[in-house]
Amino acid sequence: MEAYTVTGRIGEGAHGVVVKAKHILTGRPVALKKIPLRRLDQGMPATALREIKALQQIQSEYVVQLLDVFADGTGFVLAFELMPGDLGEMIRDATRPLTEAQAKTYMVMLIKGVAFLHQNNIMHRDLKPANLLINEYGRLKIADFGLCRIFSKKRKRLYSHQVATRWYRAPELLYGARQYTEGVDIWAAGCIFGELINKSPIFPGDSDINQLFVVLQVLGTPSEANWPGLSQLPDYKKITFPEAKPVPLEKVLPDASSVALDLLKRLLVYHAAHRLSAQRALQHEYFWTAPLPAPLSEMPRPHPDKLPPPASREYPTHLDWHAMMRPAHQLLATLQP
Ligand SMILES: Nc1ncnc2c1ncn2[C@@H]1O[C@H](COP(=O)(O)OP(=O)(O)O)[C@@H](O)[C@H]1O
Ligand SMILES: [Mg+2]
């Protein structure tokens, strides 16, 4: 902690406080996320730490970079590159509505990030606009790995279904599935895509039951025919709704182009195995038809009052952050299961 001076408060999340700080040696602005150890010994320690280690080892332009991990008092602290905005703000900013080309670029960046995570066997499980942060150049990066899991295609594990913020929660989770796949992230990406087109959430349920109702009202009541295994899901028999017919998505999102709706339909599929993979989604015609995705230079930037103070010089890129945080590595090693 001595390596940083705290310069302000950013927010209080579900897992701890996030503050703005400066790395003293380099002047680099960072976001410090404090995770109280108290919460750690309430059941998540080994896995949480394993996942942090996984994050340290991956690097993508579309994933918020974890720069440092260190112990602090009763817990530990994660230092991330500072991201001045989030996608929710960008969508809600009525002073500069997103163009179709800009929305497309956000989808490219989101799906590239998701593809990268899935290639590395990481399910994020909590994708939503508030967890997609925007840097000062307008680049979107996936953040908040508080709920992420390393998955294995071979070994079937039981997972908690109490994940993901309700509006972005895949239908299998709403039916209580304990075995699910990275398809939950694809569903969330579909909801985010719909929100980019619609400018507001497409499935804004106000309770867990209502969430399922809202989804069924649009996509129609699912059946074994379009969702094999549905009737075996833990909560399937607990919840019944009046039979609903699917509403054509062109009615739900009248402003969307037909190629955009085609992609959306392939993401918001009941049967998770039939959702497009992130890799395949990137090849969809939507990304290759006019208007083409906007270049980064034409992406909106977070508002100036949210930008970090100008650096007196460029941040050195040659510094070996991992070497600088060796004590943290040692800490993590001792906490290994
Ligand atoms: N790297 C970052 N740069 C700037 N702000 C951040 C950063 N990471 C998190 N935040 C802010 O803190 C909030 C909570 O952090 P997050 O990682 O999403 O944790 P939680 O699990 O508590 O939601 C975010 O919604 C965002 O506003
Ligand atoms: Mg969050």
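**Group meeting: a walk through one predicted model**

Let's start with contacts. Take contacts in this protein between residues at least 6 apart in sequence: 68% of them join residues at least 24 apart. Keep in mind that this is a predicted model.

Now the overall picture. The protein has 337 residues, and 37% of them count as buried. It holds 12 helices and 10 strands.

How much confidence does the predictor give? The mean pLDDT is 86. Of the residues, 83% reach 70 or more. One stretch needs care. Over residues 312–331, pLDDT stays under 50. The model has 17 contacts beyond four places in sequence for that stretch.

On to the strands. Look at β2, residues 16–23. Five bridges join β2 to β3, and the two run antiparallel. Together they make a hairpin, with five residues between the strands. Find Gly-27 in the turn: its phi is positive, about 80°.

Stay with β3, which covers residues 29–36. Lys-33 sits in this strand. Which residue of β3 is the bridge partner of Val-18? That is Lys-33. Lys-33 is also in contact with Val-18.

Is Lys-33 buried or exposed? Count the C-beta neighbours inside 10 Å: there are 23, so Lys-33 counts as buried. The cut-off for buried is 20 or more. UniProt, in an unreviewed entry, lists Lys-33 under "binding site".

Zoom in on β8, residues 132–134. Three bridges join β8 to β9. Leu-133 stands opposite Lys-141 of β9.

What lies across these strands?

Helix α4 has another partner, α6. The two pack at an angle of about 170°, and their axes are 10 Å apart. That angle makes α4 roughly antiparallel to α6, because angles over 145 degrees count that way.

Who meets whom between these helices? From α4 come Ala-103, Tyr-106, Met-107, Leu-110, Ile-111 and Val-114. From α6 come Asp-185, Ala-189, Ile-192, Phe-193, Leu-196 and Ile-197.

Pick out Leu-196 from that list. Its helix, α6, spans residues 183–198. Why does Leu-196 count as buried? It has 23 C-beta neighbours inside 10 Å, so it counts as buried. Leave aside neighbours within four places in sequence. Leu-196 is then in contact with Ala-103, Tyr-106 and Met-107, as well as Ile-91 and Leu-98.

One last distance. Pro-129 and Leu-196 are 67 residues apart along the chain. Their C-alpha atoms are separated by 9.5 Å.

Note on methods: Residues numbered from 1 in each chain as written. Chains lettered and ligands numbered in written order. Predicted model: local features only at pLDDT ≥ 70, side-chain atom pairs only at ≥ 80, totals over all residues. Helix = DSSP H or I, 4+ residues; strand = E, 2+ residues; numbered from the N terminus. Buried ≥ 20, exposed ≤ 12 C-beta atoms within 10 Å, placed from the backbone. Contact = placed C-beta atoms within 7 Å. UniProt positions renumbered as here; feature names shortened; annotations may be inferred. pLDDT = per-residue confidence, 0-100. Pairing = 2+ DSSP bridges. Axes fitted to C-alpha atoms, helices over the stretch in contact; angles between N-to-C directions. Parallel < 35°, antiparallel > 145°, perpendicular 65-115°, else oblique.
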